[in-house]
Amino acid sequence: QVQLVESGGGLVQAGGSLRLSCVTSGITFSSYIMGWFRQALGKERELVAHISWGGVSTYYSDSVKGRFTISRDNAKNTVYLQMNSLKPEDTAVYYCAATVGGTSNFRFWGQGTQVTVSS
């Protein structure tokens, strides 16, 4: 059974930081591209960042570039999202996801963790 479990969300003031974690099981983690998505209330889900199998290649959306950092620890089957200089518009449910194929089709998803940034 595949499981992706996010943690680390919470309430933070604007300008603060949070570190999200996503622990996986049931997949060969090192074979998967891992991504972080977010969905704000009333908005469509958007890709925030993704990282290649070995962690060498990363992608960030323009809205988070320079503030967020995605990383992974293949020995711990875990992907992270370090979020700095948070803004109220970063408020959303954050999801991690996994794909063995292209980044347009993530197959496995976590349940999400809420991030709320107050102004």
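Are Arg 38 and Asp 90 buried or exposed? In this predicted model, both Arg 38 and Asp 90 are buried, and their side chains meet in a salt bridge with an N to O distance of 2.9 Å. The pair links distant parts of the chain, since Arg 38 belongs to strand β4 (residues 33-39) while Asp 90 sits in the loop between β8 (78-83) and β9 (92-99), 52 residues apart.

Asp 90 has a further partner in Arg 67, and the closest N and O atoms of that salt bridge are 2.7 Å apart. Because Arg 67 lies in the loop between β6 (58-60) and β7 (68-73) and Asp 90 in the loop between β8 and β9, this pair ties together parts that are 23 residues apart in sequence. Arg 67 is buried, as is Asp 90.

The count of salt bridges comes to 4, and the table lists some of them, including the two described above.

| Salt bridge | N to O distance |
|---|---|
| Arg 38 and Asp 90 | 2.9 Å |
| Arg 67 and Asp 90 | 2.7 Å |
| Asp 62 and Lys 65 | 3.3 Å |

Which residues are linked in a network of salt bridges? The network is made up of Arg 38, Glu 46, Arg 67 and Asp 90, and of these residues Arg 38 and Asp 90 are buried, with Arg 67 buried too.

A salt bridge also joins the side chains of Asp 62 and Lys 65, with 3.3 Å from N to O. Here Asp 62 is exposed, because its relative accessible area is 68% and the term applies over 50%.

Note on methods: Residues are numbered from 1 along each chain as its sequence is written. This is a predicted model: local features need pLDDT of at least 70, side-chain atom pairs count only at pLDDT 80 or more; totals for chains, interfaces and linings use all residues. Side-chain values use heavy atoms; hydrogens and water are left out. Helices (H or I, at least four residues) and strands (E, at least two) are DSSP runs, numbered from the N terminus. Buried means under 20% relative accessible area, exposed over 50%, partly exposed in between (1.4 Å probe, protein chains only).
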